[in-house]
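Q: Could you take me through the surroundings of the ligand in this model? I'd like a close look at that one part, and then at what it is built onto.

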Amino acid sequence: MVEKQKVALITGVTGQDGAYLAEFLLKKGYKVHGIKRRASLFNTDRIDHLYQDPHVDNRNFVLHYGDLTDSTNLIRIIQQVQPDEIYNLAAMSHVAVSFETPEYTANADGIGTLRILEAIRILGLEEKTRFYQASTSELYGLVQEIPQKETTPFYPRSPYAVAKLYGYWITVNYREAYGMYACNGVLFNHESPLRGETFVTRKITRAIARIALGLQDCLHLGNMSALRDWGHARDYVEMQWLMLQQDQPEDFVIATGVQYSVRQFVEFATAELGVTLAFEGEGVDEVGRVTAVSGDKAKCKVGDVIVRVDPRYFRPTEVETLLGDPTKAKEKLGWTPKTTLRELVAEMVQSDYADARRDSLVKLAGFQAYDYNE
Ligand code: NDP
Ligand code: GDR
């Protein structure tokens, strides 16, 4: 008997995880629908390699315009697509920016989750459609237990985390109230060469590559003492899929169980390119944050990386330490992280170095290379 082709709908398909997940599901033989936002410029860079000409019949990868803040749009797309699985990855995902756009963040990240769950219910798809919610280690915030696992109490520390807290619980509630197959992946930080440039890992690898090639002067960072459990996005999207293939819907922590500081990430990245790192003049404020690291440019050779702390990148409330305990995922999903942090750093640095080399050739040819440091 021929198996029916499965249909998945991914919100946030243009983001880091959306791109890896779409590729993963297409390789598994799924028909993949993605929701992208209308933007004034093309915003599909991460998925352009998956693009299929809309004029061709029987495409396996289809994009729809949409937004998590518009329930009419979500209902219409879900009605049209009739998905077997929905992966809700769309979000205003930047913790620091959520302090500046708290209401929008609550709308998109919190109520947006409700809108999709309600759409499933309104359309009578509770039995058919399985739902994955992109929950986050930011829920643990001011941590109550080390390491953090599925039973660790939450204490969110940003408008982003508070909005995601709503998303987490409304997913649990719809599972319990309506018997829906709905689950939360509580994912710890995961990175890749596709990571947005303003998250700290990508900011670091991109800046170091550009500094090494003389395209940028220094790297401005905020809290370098912050500790994170970083994994590779490619490994983590496989777990998102596996969570929807179980007999019963459950919530899972996905993490590596290993923790490093932002400072260590900088050190690993500079070591990868063999450049020298200059941290100078460090001070520490009353809550232990490094306040003034100033590289003395006069003492540095071309290609040395100067790191300066800029309090502009401190957050009103910070999450100082996150370390996950992925035992449940190991036991039930067979999870073993495939990529170490050093391998992840190497992949990101090499990718950014290749981009920086292209920019440096453009500059050598007399064109102005786009240069921004933040
Ligand atoms: P990204 O920021 O890379 O991607 C977010 C995606 O959501 C983008 O496609 C973005 O569109 C889209 N989006 C944002 N707002 C809306 C909206 N109102 N309507 C529709 N789409 C919208 O995030 P990641 O891929 O890194 O993360 C995926 C999900 O997982 C997010 O929900 C994030 O909060 C969560 N998460 C991420 C972790 C990580 O370490 N990466 C860890 C734990 C959870 P556009 O491209 O147009 O901006
Ligand atoms: P995070 O990731 O807040 O953990 O959220 P981010 O990379 O932004 O910050 C990690 C830590 O680094 C510190 N930091 C800086 N951060 C940024 N962005 N820029 C800087 O210059 C800088 N300097 C120091 C931060 O203070 C923080 O402690 C990510 C997002 O993907 C969320 O969507 C997701 O839910 C969580 O990971 C798990």
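A: Ligand 1 has 26 residues around it, and the closest are G12, G15, A90, A91 and A134. A residue counts as near a molecule or strand here if its C-beta atom, placed from the backbone, lies within 6 Å of it. This is a predicted model, where local features need pLDDT of at least 70 and side-chain atom pairs count only at pLDDT 80 or more, while totals for chains, interfaces and linings use all residues. Numbering starts from 1 along each chain as its sequence is written, with chains lettered from A and ligands numbered from 1 in the order in which they are written.

By type, the shell around ligand 1 splits into 10 nonpolar, 13 polar and 3 charged residues. Here Ala, Val, Leu, Ile, Met, Phe, Trp, Tyr, Cys and Pro go down as nonpolar, Asp, Glu, Lys and Arg as charged, and the others, Gly among them, as polar. Helix α1 (16-27) and strand β5 each put in at least two residues, and α1 gives the most, with 3. Helices (H or I, at least four residues) and strands (E, at least two) are DSSP runs, numbered from the N terminus.

Now follow α1 to its partner, α7. The two helices pack at about 65°, with their axes 9 Å apart. Axes are lines fitted to C-alpha atoms, for helices over the stretch in contact, and angles run from 0 to 180 degrees between N-to-C directions. On the α1 side you'll find Q16, D17, Y20, L21, F24 and L25, which meet A233, R234, V237, E238, Q240 and W241 of α7. Contact means that the C-beta atoms of two residues, placed from the backbone, lie within 7 Å. The residues of this contact come out as 7 nonpolar, 2 polar and 3 charged.

And β5? That strand belongs to an open sheet of 7 strands with parallel pairing, in the order β3-β2-β1-β4-β5-β6-β11. The edge strands, each pairing on one side only, are β3 (61-65) and β11 (252-254). Two strands pair if DSSP finds at least two bridges between them. For instance, β1 (residues 7-11) and β4 (residues 85-88) pair over 4 bridges, with I10 opposite Y87.

Helix α7 turns up here again: α7 (residues 233-243) packs on the sheet, touching β4, β5 (130-136), β6 (182-187) and β11, and its direction makes about 160° with that of β6. Another helix, α2 (residues 71-81), lies across β1, β2 (31-36) and β3.
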